[in-house]
Structures are given as C-alpha cells and as structure tokens.
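Biologist: I am new to this structure. Please show me how to read its features one at a time.

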Amino acid sequence: MIRTAQPADLSAIMALEEAAFPEAERWSETSWREEFTQADRRVLVDTDGGEVRGVITGRVVIDAADVHRIIVSKQSRRNGIGRGLLDALLAWASQTGADQVLLEVRADNEPAIGFYHSFGFQNLSFRADYYGSGSDALVLAVSVAMPREFAAAESRWVQ
Ligand SMILES: CC(C)(COP(=O)(O)OP(=O)(O)OC[C@H]1O[C@@H](n2cnc3c(N)ncnc32)[C@H](O)[C@@H]1OP(=O)(O)O)[C@@H](O)C(=O)NCCC(=O)NCCS
C-alpha cells in the first residue's frame, strides 16, 4: 500500500537510508524532517503489514517538479515497489501543476539510472563534481503534462 508518510515513519525511513547508502551519501534525519515540514513537498511510503519497504519524496514549484529521493529496501527491489512510488509521485506532480519532472542522480548509480530511464526520463545535462570532487551528476527530465482529469484519476489510489 502506498500512503502519505507520517513523522512516525521517520525511524523506518532512516533505516532505509542507512542500509542503502554509504555514510557520506546519506541524508540526515534533519534533511528528512524538512521534507515533512515544507508545504510544497510530498513524502510517500510503501508499506506491507506495517513494514516500510520504500519511500519517495519530491516537490512541485509552479510548473516543475523535482524528485528528491527514492529508496526501496534491498530485499524488496525489482518487485515494482519503486515503480509504484514514482508513478504516484509523478501523478501528484502532474495534478499539482507540473509539466516536467527533473532529478539529479549520481552518474555512477547505474541501477537508479536504469530505473529512471524505464520511466522515459531523458538525460538533460551533466554536472561535474556536483556531489564533491570526482562525483558527477546526471540531470534527467520527463514530461508529465497530461489532462488534469487523468492525473486525478491516477492518483486516487494513493491514501
Ligand atoms: C532505484 C530503486 C529505487 C529502484 O527500486 P525498485 O523497487 O527495485 O524498482 P522496480 O522494481 O520498480 O523497477 C522498475 C523498473 O526499473 C528498472 N530497474 C530497476 N532496477 C534496475 C537496475 N538495478 N538496473 C537496471 N534497471 C533497473 C527496470 O526496468 C524495472 O523493471 P523490471 O524489473 O520489470 O525490469 C532501488 O534500486 C533503490 O532503492 N536503490 C538505492 C537507492 C537509490 O540509489 N536511489 C536513487 C537515488 S536517490
């Protein structure tokens, strides 16, 4: 089930963060808390019987959206959970008024790049040393412009 995340999910989200990324690449609890407190953000979790299996967060600013973070627990990957979360975020972004969704991803994160390309994200630009010396970013973008009624119908299943 995909639902809006609550602050009570924070400890489970931090566990996903710690399992998925080396220390230098992790978001802090403060960064995650900020996702919960800003009105322009949407944090969604995928749960199974109370277990948080994945999380996504992003924001919409006028007509453009950003995906900030997506994590699926290692044991749950390649089961469509990431797809469900990103579908839901893209539907929300479209419904909220975004025509385009952008994101930055480490240029060496092949699984994530494969995942985003499977949604039709296209490589937009390359940012050398974006994450620090020798750690580059790709900027990816996808259009989500669609009739608003369709976006509303598609996002209805998100609780
Ligand atoms: C990227 C990530 C969220 C994908 O989640 P997931 O639940 O495994 O993805 P899905 O099962 O929904 O995959 C959907 C499609 O994406 C593509 N995809 C997913 N993982 C892939 C991989 N490792 N390599 C290539 N393509 C991949 C495939 O086309 C897949 O469809 P298929 O399984 O039918 O072939 C997950 O690998 C993850 O949490 N990675 C660590 C955190 C991270 O790097 N996040 C992104 C930066 S913030």
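Biologist: How many bridges pair strand β2 with β3, and in which sense do they run?

Modeller: Strands (E, at least two residues) and helices (H or I, at least four) are DSSP runs, numbered from the N terminus. Two strands pair if DSSP finds at least two bridges between them. Here, β2 (residues 41-48) and β3 pair in the antiparallel sense over eight bridges. One case is Arg41, whose bridge partner in β3 is Arg59. This is a predicted model: local features need pLDDT of at least 70, side-chain atom pairs count only at pLDDT 80 or more, and totals for chains, interfaces and linings use all residues. Residues are numbered from 1 along each chain as its sequence is written.

Biologist: Which residue takes a positive phi in the hairpin of β2 and β3?

Modeller: Gly49 does, with a phi near 55 degrees, and two residues lie between the strands. β3 and β4 also form a hairpin with two residues between them, where Ile62 in the turn has a positive phi of about 55 degrees. That pair, too, is antiparallel over eight bridges, and Gly58 has Val67 as its bridge partner in β4.

Biologist: Why is β3 described as largely enclosed by the rest of the structure?

Modeller: A residue is buried if 20 or more other C-beta atoms, placed from the backbone, lie within 10 Å of its own; it is exposed if 12 or fewer do, and partly exposed in between. Strand β3 (residues 51-61) is largely enclosed because eight of its eleven residues are buried.

Biologist: Which side chains of strand β7 point to the buried face?

Modeller: In β7 (residues 137-143) the side chains alternate: Leu138, Leu140 and Val142 point to one face and are buried. Strand β5 (residues 100-106) pairs with β7 in the antiparallel sense over seven bridges, with Val142 as the partner of Val101. Strand β6 (residues 122-127) also runs antiparallel to β7, joined by five bridges; there Ser125 has Val139 as its partner.

Biologist: Which residues come nearest to the ligand?

Modeller: A residue is near a molecule if its C-beta atom, placed from the backbone, lies within 6 Å of it. Of the 19 residues around the ligand, Arg77, Gly82, Arg83, Pro111 and Gly114 come nearest. The elements giving two or more residues to this shell are β4 (64-72), α3 (81-96) and α4 (110-118). The largest share, five residues, comes from α4.
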